[in-house]
Amino acid sequence: MKSISIGILGATSYTGLELVKLLGVHPLCELAFVSSKSYAGRPFSDVFARAGTVEDRVLISPQEAVSHSVECLFSCLPHAVSADLLLPFYKKGVRIIDLSADFRIRDAGVYCRWYKHEHPAPQLLEQAVFGLPEVYREHIRSAQIVANPGCYPTSVLLPLIPLLKDVDTEVNAIIADSKSGVSGAGRALKLTSHFVEANENVKPYSIGRSHRHICEIEQELSLASGSEVSIVFSPHLMPMTRGILSTIYFQTNRSPGECLSIARQAYQREPFVRVRERGELPATADVAGTNYCDLTFSDGNDATVIAVSAIDNLVKGAAGQAVHNMNIMFDFKETAGLPR
Ligand SMILES: NC(=O)c1ccc[n+]([C@@H]2O[C@H](COP(=O)([O-])OP(=O)(O)OC[C@H]3O[C@@H](n4cnc5c(N)ncnc54)[C@H](OP(=O)(O)O)[C@@H]3O)[C@@H](O)[C@H]2O)c1
């Protein structure tokens, strides 16, 4: 099979580093460029001294990157910046996998409400495909723009979507309590990410209806169910580098065992979702460095079931899922180059 040439915008990000490592050993990818705004002209090893085969690569600016011809572009840029810098590549016909939130939200008005600025390219929203392979595989195959899902949304959507799609299953009063490692906040300096603030500390943040991932989660749950779904979402920062654990409470007419059967049926051929037995509660250490989502269901009370899921935010929640999407788009073996 023929290799493809790829480029990475924002390669100096945490998700970019993860992509560089994955794509550096992918059997069917040739890395054409790695870009950075702040470090353009410097070797990648000036930023990360542990990037394997690309350490000596010189970072180029996003503007210079446009002159390179690539078949697939990954963007690890912040929202708004991403859609702007992707446009010239889009116009050249390059297939794009955007790790930012810019193309995840179908409605530009909803995006504007949650992200507090006008969408930079609303004309492209209609053709962007939400890159959750377990749900949108067939659309991803032919997409020019794939919106890689957020990390928290991946962990909440995978346990719930099969239940919401099942017409005989009621799912109500969803409360997602999620915990993330500090790399989820990115590499830019922030007080809350400082070692002294984050270490030996567990802290909720953006609780209530303020975290931006709520609109993405509700959009996809509503599409799965065919009617409006609303959730309560409480994210927490954990004193660990990577990983997300979501504990999701919901009222249902199903027992945990029935929820497990529905999930098993939905994911029986999925290479990266492991439906665990009831007693086998997922843990971040079990999925660290892999592209797996582990999930299970347990008893809450008579009317409540508890779903638990675990992912690595930088792999299944970002770079790994992006490589999975690329494998689907270019008709490669879906598991190629992905850690399990
Ligand atoms: N962290 C996660 O767990 C995670 C998971 C899923 C999705 N995401 C999403 O993936 C994207 C990257 O996240 P991250 O956490 O890996 O980011 P990060 O570590 O904070 O890095 C941000 C990157 O964006 C570049 N950048 C920032 N402002 C820029 C500008 N004005 N023009 C050009 N480049 C600019 C930086 O480049 P230089 O400093 O080199 O100039 C850096 O490479 C974000 O959209 C994020 O929401 C993150």
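**Entry 1: the core**

I looked for the largest nonpolar core and found 97 residues in it, with Leu19, Val20, Phe74, Val146, Leu160 and Ala322 making the most contacts inside. Helix H6 (residues 151–165) gives this core its largest share, nine residues. Domain 1 (4–127) and domain 2 (152–312) each contribute at least three residues to this core.

My terms: a nonpolar core is a set of buried Ala, Val, Leu, Ile, Met, Phe, Trp, Tyr and Cys residues joined through C-beta atoms within 7 Å. Buried means that 20 or more other C-beta atoms lie within 10 Å of a residue's own, exposed means 12 or fewer, and partly exposed is in between, with C-beta atoms placed from the backbone. Helices (H or I, at least four residues) and strands (E, at least two) are DSSP runs numbered from the N terminus. Domain bounds come from an automatic or database domain assignment.

A reminder to myself: this is a predicted model, where local features need pLDDT of at least 70 and side-chain atom pairs count only at pLDDT 80 or more, while totals for chains, interfaces and linings use all residues. Residues are numbered from 1 along each chain as its sequence is written.

I then checked Val146, leaving out residues up to four places away in sequence: Val146 touches Ile96, Ile97, Val129, Gly131, Ile140, Asn325 and Met329. Contact here means C-beta atoms, placed from the backbone, within 7 Å.

How many residues of H1 are buried? I get 10 of its 11, so I noted H1 as mostly covered. Among the buried residues of H1 are Leu19 and Val20. Strand E1 (4–9), strand E2 (29–34), strand E3 (72–75) and H11 are included in what covers them.

In helix H5 (residues 133–142), the buried residues are Glu134, Val135 and Ile140. They sit on the same side of H5 because their arc around the axis is only 140°, taken from the directions from the helix axis to the C-beta atoms. The face of H5 turned away from that buried side carries the exposed residues Glu138 and Ser142. The partners that the buried residues of H5 pack against include strand E6 (145–147), H6 and helix H11 (315–329).

**Entry 2: the ligand**

Which residues come nearest to the ligand? Of the 29 around it, I listed Ser13, Ser36, Ser100, Gly186 and Arg187; a residue counts as near if its C-beta atom, placed from the backbone, lies within 6 Å. H1 gives the most to this shell, three residues.

**Entry 3: the sheet**

I traced an open sheet of seven strands in the order E8-E9-E7-E10-E13-E12-E11, with mixed pairing. Strands pair if DSSP finds at least two bridges between them. E8 (203–204) and E11 are at the edges with a single partner strand each, so one side of each has no neighbour in the sheet.

Strand E7 (residues 171–180) and strand E10 (residues 244–252) pair in the antiparallel sense over eight bridges. E11 and strand E12 (residues 293–301) run parallel, joined by three bridges, and Arg274 stands opposite Asp294 in E12. Asp294 also has Ala310 in E13 as its bridge partner. A hairpin through two residues joins E12 to E13.

**Entry 4: the domains**

Last, I checked the spacing: the C-alpha centres of domain 1 and domain 2 lie 26 Å apart. Their contact takes nine residues from domain 1 and seven residues from domain 2.

Definitions and conventions:
Two residues are in contact if their C-beta atoms, placed from the backbone, lie within 7 Å.
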